[in-house]
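Please look over the sequence and the fold below before reading on.

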Amino acid sequence: MLSAVIFLPLAVAAAVLLLPRLGARAAIRVWIAAAAADLLLVAVMWVGYEGGIGYETRMRWIPSVGAGYHVGVDGMSLPLMAMTALLFLVCSIYSLRGTRRARAYAALFLSLQTVCLGLFAALDLLLFFVFFDLSIVGMYFVIAGWGHGDRLRSALKFFLYTFLGSLALLLGFIGLYLGGDPRTFDMVDLTRAPPFAGAPGTAGLVLLAVGVGLAVKTPTVPFHTWLPPAHTDAPAAGSAILAGVMLKMGTYGFARIAMPMLPGAWQRHAWVFVVAGVAGVLYGALVALAQDDLKRLIAYTSVNHMGYIVLALGAAGLVAGDARARELAVSGAVTQMVSHGLVTGALFLLTGVLWDRARSYDLDGFGGIAATAPIFTGLTAVAAFASLGLPGLSGFIAEFQIFAGVIGIGTPGGVVAGALSVTGVLITAALLLRMLHKVYLGRPGELTPRVTDVRPDELAAVAPLMILSLIIGIAPRWLLDMIEPVSAAVVSLVSR
């Protein structure tokens with residue numbers, strides 16, 4: 001079933017391209033049907049999941065180097081796959097509003113869905129890398145082909161920057177392969193017998209290569225500079241997938257690859273990740289506060305939220321601290337991956353509504369939108385409050401676990417890092433409330449008359465994300481029951 005989930009969108013993408021008489025709206029409807037079917041299959045997998053590595057498939061691929069088609073899911077990958085399937089579905093619904101070259105657009109997003117699902121299911125390093133690299137290619141064409149503004153320059157910067165990171169990641173994977181005994185790219189085998197256990201210097205160099213590659217994708221400060229222009233010039237659906245799904249490839253890689261396969265190196269260099277996480281939290285929030293472009297503002301909040309995840313995963317390597325608190329930090333990091341995908345995906349789709357109406361993201365050009373577009377205003381307010389971590393929404397569940405875990409570890413540095421990161425919530429609240437006041441509650445701006453309320457297809461795209469964020473915020477047990485066992489396993493593997 002898992003392989004069907006991964007490759008169904010790719011098969012439909014090929015069909016969309018091979019049917020010459022398929023109209024634009026029909027192509028989008030086929031995309032919607034495929035994405036809905038894929039989400040249904042993921043839901044069936046969720047219901048049938050029984051723990052451990054589920055729905056596993058292991059086949060020979062390149063036996064001479066110990067690489068195989070090895071896929072499976074656990075309590076970390078399955079929630080991310082479900083989030084991915086949902087985001088692609090709502091992006092397909094959102095695209096009903098009209099898209100240039102709709103057949104190619106639908107086929108490209110369907111191909112991207114296969115790539116993203118495949119990465120979260122991959123249990124082989126070489127397979128992981130193939131999906132990782134293909135995601136860069138797919139998003140490059142999304143930005144270059146359907147973006148706006150200086151889209152070609154932004155797409156090129158995105159491609160070159162992230163491709164350079166992927167080359168560093170490949171070097172790290174080759175290092176893990178060479179350090180394995182026997183040599184293999186299989187992630188389960190490398191986790192069971194970590195490479196370079198007796199060579200701390202070499203392990204540190206391999207962690208550096210893997211860490212840089214994943215940090216660029218996350219993006220972690222100071223490897224974040226490709227993100228704001230890519231988001232600003234990407235189409236709304238492209239930004240939603242880039243922030244909601246593709247940024248998680250980096251943080252997922254830290255938890256799935258770097259931590260369990262290089263436990264000693266992660267322990268020795270945990271403070272590097274803690275400091276990088278705090279820097280991302282504060283820098284992302286402060287720079288977002290200074291933005292007058294709504295889309296760039298939301299892009300920098302992604303740097304802030306990814307900082308929380310990196311901080312939590314770094315704190316999990318502080319083995320001198322309380323083990324239960326480290327498990328809580330990892331659980332919060334995975335929950336934050338899911339929450340950020342839902343909330344920021346919704347925010348980027350909502351900014352697309354503004355661009356569709358007014359062809360601008362300039363905060364100074366808007367004001368008083370609440371009077372003419374109350375539903376649009378309400379959706380944006382809920383998404384903003386979820387982003388800043390208001391109780392009752394998913395952001396609070398994630399950030400509370402992260403803060404409680406990092407501070408609860410008990411080391412003086414952990415307490416300081418946790419306390420500093422809490423101030424990021426205050427800054428995020430200030431910038432989002434400033435945005436809400438200026439754009440929705442302030443004096444009407446010159447662009448305000450162009451803004452009408454959300455259409456049914458736009459509402460159908462954004463509302464499910466906010467409803468799910470609310471469900472997680474009020475009753476998170478169903479999600480945490482899935483995440484917590486694998487969080488405990490990650491902490492146990494790092495502590496070796």
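Helix axes here are lines fitted to C-alpha atoms over the stretch in contact, and angles between N-to-C directions run from 0 to 180 degrees. Helices (H or I, at least four residues) and strands (E, at least two) are DSSP runs, numbered from the N terminus. The model is predicted, with local features needing pLDDT of at least 70 and side-chain atom pairs counted only at pLDDT 80 or more, while totals for chains, interfaces and linings use all residues. Residues are numbered from 1 along each chain as its sequence is written, and side-chain values use heavy atoms, with hydrogens and water left out.

Two packed helices are described by the angle between their axes and the distance between the axes. Take helix H4 (residues 102-121) and helix H10 (residues 236-261): their axes cross at roughly 20 degrees and come within 11 Å. Angles under 35 degrees count as roughly parallel, over 145 as roughly antiparallel, 65 to 115 as roughly perpendicular and the rest as oblique. H4 and H10 are therefore roughly parallel to each other. The crossing of H4 with H10 is left-handed, a term used if the near helix is turned anticlockwise from the far one by less than a right angle, with right-handed used if clockwise.

Which residues make up this meeting of H4 and H10? On the H4 side they are Tyr105, Phe109, Cys116, Leu119 and Phe120, and on the H10 side Ala237, Gly238, Ile241, Val245, Met246, Lys248, Met249 and Tyr252. Contact means heavy atoms within 4.5 Å. The residues of this H4 and H10 contact divide into 11 nonpolar, one polar and one charged. In that count Ala, Val, Leu, Ile, Met, Phe, Trp, Tyr, Cys and Pro are nonpolar, Asp, Glu, Lys and Arg are charged, and the others, Gly among them, are polar.

A second pair is helix H14 (residues 323-358) with helix H16 (residues 374-387), packed at an angle of about 145 degrees with axes 9 Å apart. The crossing of H14 and H16 is left-handed. From H14, Val343, Leu347, Leu350, Val353 and Leu354 meet Phe376, Leu379, Thr380, Ala383, Ala384, Ala386 and Ser387 of H16. The contact of H14 with H16 contains 10 nonpolar residues, two polar and no charged.

Buried means under 20% relative accessible area, exposed over 50% and partly exposed in between, with a 1.4 Å probe and protein chains only. Thr380 counts as buried because its relative accessibility is 2%. Leaving out residues up to four places away in sequence, Thr380 touches Leu347, Leu350, Met435, Leu436 and Tyr440.

Next comes the core. A nonpolar core is a set of buried Ala, Val, Leu, Ile, Met, Phe, Trp, Tyr and Cys residues joined through side-chain atoms within 4.5 Å. The largest such core has 185 residues, and Leu176 and Phe376 have the most contacts inside it. With residues up to four places away in sequence not counted, Leu176 touches Leu125, Leu190, Pro195, Phe196, Val206, Val210, Ile257, Met261 and Leu262.

The loops hold several backbone features. Asp181 and Pro182 are joined by a cis peptide bond with omega about 5 degrees, and Pro182 lies in the loop between helix H6 (151-179) and helix H7 (187-192). The peptide bond from Val221 to Pro222 is also cis, with omega near 10 degrees; Pro222 sits in the loop between helix H8 (200-217) and helix H9 (227-233).

Arg101 has a positive phi, near 45 degrees, in a residue other than glycine. Arg101 belongs to the loop between helix H3 (77-94) and H4, and counts as partly exposed at 47% relative accessibility. For Arg359, phi is positive too, near 55 degrees. Arg359 is in the loop between H14 and helix H15 (369-372), and at 52% relative accessibility it counts as exposed.

Pro229 is in helix H9 and is buried, with a relative accessible area of 17%. Apart from neighbours within four places in sequence, Pro229 is in contact with Ser154, Lys157 and Arg296. Gly54 is in strand E1 (residues 54-62) and counts as buried at 10% relative accessibility. Gly54 touches Tyr49, Gly72 and Val73, not counting residues up to four places away in sequence.
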